[in-house]
Amino acid sequence: MTYENILVETRGNVGLITLNRPKALNALSAGLVKDLGAALDVFEGDANIRCVVLTGSEKAFAAGADIKEMVGFDYMDAYLKNFITDGWERVTTFRKPVIAAVAGFALGGGCELAMMCDFILAADTAKFGQPEINLGTIPGAGGTQRLTRYVGKSKAMEMVLTGRQIDAAESERAGLVSRIVPAADLVEEAIKTAQKIADLSLPIVMLAKEAVNRAFETTLAEGIRFERHTFHSTFAIEDRKEGMTAFIEKRKAAFKHR
């Protein structure tokens, strides 16, 4: 399959998607979002792909939504087109793990897209922000909601109300990114991390992802209840028995992803 706005390749059991609109700093146009969704659909259906890395360029993961596409909209245009909603949330419905590998700018929609992924590895050059306030609007792809859940109300409120960008170090301290790596090593480290996940049992990984995500959607009591039921369900999976048996026998588990 060919794409106009992204590059797609596979590395072992890992799918690598690179946003590729260099002249626009990977601004998230409708075409790019459509290409991204199509690539994720292919990887979703490929049993050999068990984890995905999403990245951009050295200068920008994505510098935001494409302002040129929206500048002429009025309310009814945005509402009737279901603007941003249509296709933008595909990353969040992808059942396999997705790692965002962010270098350079992740601003506005770019920051929101990174937060839709399961976790973020940041280059030491990364800059995150929600600068929509400077354009006379507010975040529309989850920025006010996911950012608050990641970094807390105070920092999220400051970032949204002032448009201030935060660097990789501050992002890590705030809990927005899982860790920082040198920019030159970012993609390879992300693929290495993804391959480590891909070597594990896919159904178990998918259940673990679902359980962690539930923590953001419900109360602690309900989350614990969901986790307990999900944990119990792993005893119906062949890989659970193989993993425990391999541990007892002091050997590497041979997962069949069943």
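## Helix crossing

α6 and α7 pass each other in a left-handed crossing (the near helix is turned anticlockwise from the far one by less than a right angle). This is a predicted model, where local features need pLDDT of at least 70, side-chain atom pairs count only at pLDDT 80 or more, and totals for chains, interfaces and linings use all residues. Residues are numbered from 1 along each chain as its sequence is written, and side-chain values use heavy atoms, with hydrogens and water left out.

The axes of α6 (residues 109-116) and α7 (residues 143-151) come within 10 Å and cross at roughly 55°. That makes α6 oblique to α7. On the α6 side, Glu112, Met115 and Met116 meet Gly143, Arg146, Leu147 and Tyr150 of α7 (contact means heavy atoms within 4.5 Å). By type, the residues of this contact split into 4 nonpolar, 1 polar and 2 charged.

## Core

The largest nonpolar core has 47 residues, and Val102 and Phe128 are among those with the most contacts inside it. Such a core joins buried Ala, Val, Leu, Ile, Met, Phe, Trp, Tyr and Cys residues through side-chain atoms within 4.5 Å. Beyond its neighbours within four places in sequence, Val102 touches residues including Phe61, Ile120 and Phe128.

## Positive phi

Ile84 isn't a glycine, yet its phi is positive, about 75°. Ile84 sits in the loop between α3 (75-80) and α4 (85-88) and is buried, with a relative accessible area of 16% (buried means under 20%, with a 1.4 Å probe and protein chains only).

Definitions and conventions:
Buried means under 20% relative accessible area, exposed over 50%, partly exposed in between (1.4 Å probe, protein chains only). Axes are lines fitted to C-alpha atoms, for helices over the stretch in contact, and angles run from 0 to 180 degrees between N-to-C directions. Helices (H or I, at least four residues) and strands (E, at least two) are DSSP runs, numbered from the N terminus. Angles under 35 degrees count as roughly parallel, over 145 as roughly antiparallel, 65 to 115 as roughly perpendicular and the rest as oblique. Ala, Val, Leu, Ile, Met, Phe, Trp, Tyr, Cys and Pro count as nonpolar, Asp, Glu, Lys and Arg as charged, and the others, Gly among them, as polar.
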